[in-house]
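Here is a short briefing to read alongside the structure. Please keep the sequence at hand as you go through the topics below.

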Amino acid sequence: MCCISALLFLSCSQKSFSTEKEFWDYIKNPKNGLSQQKNTNGVDYSLTYKPTDALVKQELGEEYSTTQVDSLRKKYQEYIYLTLSMSKNNQELLNSKVKNRSEFGAMVNQLAFGMAEKVNLISKARDTIAMADYVYPRMYGMGGGTSMLLVYPREEKIMKNDFFHFTIEDLGFMTGEVSFRVATEPIKNEPRLKFK
C-alpha cells in the first residue's frame, strides 16, 4: 500500500506534455529547477538537465510502438544527462579566448578530450561521481556558445539526497571554479512527453 501511494504521488507530480515546445519551455524555465544560468567574469554558463524523454524522442523514428518507447526509457533512465553551455560575448569559447594556433589546439584538446577532469558532479556527502561519457559537438564558430552533453550514472548516493553540486574548473577565463547546486526532486519527477 505504501509503494502504491508513493507511485501515485510521483505520477501526480510528474508533468506530461503533448508538444515538444511546451516540454522544452518547461525545462528551460529556471523556476522549475531543471535549468540554471550564471555569469562569472564575463563568461555565461548554463546548466540544463536533459530529461529521459528528450533522448527517447531524439532516437525514435516517425513510427514507433509503446514497447520501443518503454525500452528506450528504461535504457536512458539509468543516467543523468546534463547540457553545459558556455559563452563569452555570445561566442564559442574557442573564438573568444585563443590568440594563436597553439592556444587554439590546446583549447580544442581540452574541450574534446579533457572535460572529465574539469567538471565534477559531487553528492551532498562530498562523493565525486565519475563521468560516464560526454559529447562535445564542434560548431566551427557557427554557434553562440560552446555546448556539450555530460553523462553521469544515476547513483542512489546522488538521488537519495535533496541536491548535488556540479562544478566547472577555470578554463583559462579567470572565473575560478563555478558551481551549481542542483535539486534532485525536479530530476526525480522529470517531465515527460506524451508519445502517441
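Ile-122 has His-165, in S9, as its bridge partner. Please bear in mind that this is a predicted model.

- Strand S5 (residues 119-123) and strand S9 (residues 163-168) run antiparallel and are joined by 5 bridges.
- The open sheet has 4 strands in the order S6-S5-S9-S10, and their pairing is antiparallel.
- Strand S6 (128-129) and strand S10 (178-183) are the edge strands, each pairing on one side only.
- In general, strands of a sheet pair through backbone hydrogen bonds, either parallel or antiparallel.

**The nonpolar cores**
- The largest nonpolar core has 41 residues, and those touching the most other members are Leu-84, Val-119, Met-148, Leu-150, Tyr-152 and Phe-166.
- Leaving aside residues up to four places away in sequence, Leu-150 touches Ile-80, Tyr-81, Leu-82, Leu-84, Val-119, Met-131, Asp-133, Tyr-134 and Phe-166.
- Another core, of 9 residues, lies apart from the largest one; Leu-55, Val-69, Tyr-81 and Val-151 are among its members.
- Nonpolar side chains tend to be buried together in soluble globular proteins.

**Two asparagines with positive phi**
- Most residues other than glycine have a negative phi.
- Asn-41 has a positive phi, near 50 degrees, and is found in the loop between strand S2 (35-40) and strand S3 (43-49).
- Asn-41 is partly exposed, at 44% relative accessible area.
- Asn-89 also has a positive phi, near 55 degrees, and sits in the loop between strand S4 (79-88) and helix H5 (93-97).
- Asn-89 is exposed, with a relative accessible area of 59%.

Methods:
Residues are numbered from 1 along each chain as its sequence is written. This is a predicted model: local features need pLDDT of at least 70, side-chain atom pairs count only at pLDDT 80 or more; totals for chains, interfaces and linings use all residues. Side-chain values use heavy atoms; hydrogens and water are left out. A nonpolar core is a set of buried Ala, Val, Leu, Ile, Met, Phe, Trp, Tyr and Cys residues joined through side-chain atoms within 4.5 Å. Buried means under 20% relative accessible area, exposed over 50%, partly exposed in between (1.4 Å probe, protein chains only). Contact means heavy atoms within 4.5 Å. Two strands pair if DSSP finds at least two bridges between them.
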